[in-house]
Amino acid sequence: ACANARPAPRFADAMGLLDRMLEADLAPDEYTLVALLKCCSNTRPKASAIAEKLFAEFIGSARLNEHVRKQLEFAVSRDRASLLCKWAASERPDCLLPPPRRVQRRGESDGSYRGRGESNRGDRNRGGGGHSGATR
């Protein structure tokens with residue numbers, strides 16, 4: 001929310017949230033890094049130096065994916081983003097690994113796509129006081 005605030009992003013709020021995360025021993029992931037880089041790119045003037053520092057600091061806990069790469073290009077120049085990504089790949093190769101797979105627990109939905117017209121909530125016409133289809 002801080003990154004999308006208009007007319008200017010709430011940069012100080014975003015950095016405050018980051019500080020609170022770090023105090024709670026929560027490592028920023030790629031979603032957090034993208035939001036922070038977006039704050040840096042939407043601030044006027046751009047906070048390119050801060051974006052570079054955030055990228056260098058957190059690219060180990062965050063994966064280098066296409067979203068991070070694109071937002072880094074917006075925050076710094078495309079050429080500089082390319083150099084930073086090459087640096088990350090050589091200095092922090094873990095950032096290129098796929099994210100760890102989440103283990104599905106018993107009773108959890110697998111979240112699979114059920115197809116058009118099929119709901120994850122079950123059949124709408126079964127029970128529950130809806131229109132039964134019968135006419136009077």
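Predicted model: local features only at pLDDT ≥ 70, side-chain atom pairs only at ≥ 80, totals over all residues.
User: What is the secondary structure of the protein?
Analyst: Five helices and zero strands. The pattern along the sequence is α-α-α-α-α. Helices here are DSSP runs of H or I with at least four residues, strands are runs of E with at least two, and both are numbered from the N terminus.

User: How are two packed helices described?
Analyst: By the angle between their axes and the distance between the axes. The axes are lines fitted to C-alpha atoms, for helices over the stretch in contact, and angles run from 0 to 180 degrees between N-to-C directions.

User: Why is helix 2 called roughly antiparallel to helix 3?
Analyst: Helix 2 (residues 30-42) and helix 3 (residues 48-58) pack at about 170°, with axes 9 Å apart. Angles under 35 degrees count as roughly parallel, over 145 as roughly antiparallel, 65 to 115 as roughly perpendicular, and the rest as oblique. The angle of about 170° is over 145, so helix 2 is roughly antiparallel to helix 3.

User: Which residues make that contact, and what is its make-up by class?
Analyst: Helix 2 gives Leu33, Leu36, Leu37 and Cys40; helix 3 gives Ile50, Ala51, Leu54 and Phe55. Contact means heavy atoms within 4.5 Å. By class, there are eight nonpolar, no polar and no charged residues. Ala, Val, Leu, Ile, Met, Phe, Trp, Tyr, Cys and Pro count as nonpolar, Asp, Glu, Lys and Arg as charged, and the others, Gly among them, as polar.

User: What is the handedness of the crossing of helix 2 and helix 3?
Analyst: Left-handed. That term applies if the near helix is turned anticlockwise from the far one by less than a right angle; clockwise is right-handed.

User: What makes up the contact of helix 4 with helix 5?
Analyst: Arg69, Leu72 and Glu73 in helix 4 meet Arg78, Ala81, Leu84 and Cys85 in helix 5. By class, that is four nonpolar, no polar and three charged.

User: How do you know that the length of helix 2 agrees with its residue count?
Analyst: The expected span is 1.5 Å times one less than the number of residues. For the 13 residues of helix 2 that gives 18 Å, and the end C-alpha atoms are 18 Å apart, so the two agree.

User: Why is Thr32 called buried?
Analyst: Buried means under 20% relative accessible area, exposed over 50%, and partly exposed in between (1.4 Å probe, protein chains only). Thr32 has 19%, so it counts as buried. Thr32 sits in helix 2, where 10 of 13 residues are buried. Those buried residues pack against helix 1 (11-23), helix 3 and helix 4 (66-75).

User: What makes Ala12 exposed?
Analyst: Ala12 has a relative accessibility of 62%, so it counts as exposed. Ala12 is in helix 1.

User: Is Phe55 buried or exposed, and what does Phe55 contact?
Analyst: Phe55 has a relative accessible area of 0%, so it is buried. Phe55 lies in helix 3. Leaving aside neighbours within four places in sequence, its contacts are Leu33, Leu64, Val68, Leu72, Leu84, Cys85 and Ala88.

User: What is noted about the backbone at Asp25 and Pro45?
Analyst: Most residues other than glycine have a negative phi, and most peptide bonds are trans. Asp25 has a positive phi of about 60° although it is not a glycine. Asp25 is in the loop between helix 1 and helix 2. The peptide bond from Arg44 to Pro45 is cis, with omega near -5°. Pro45 is in the loop between helix 2 and helix 3.

Key
Residues numbered from 1 in each chain as written. Heavy atoms only, no water.
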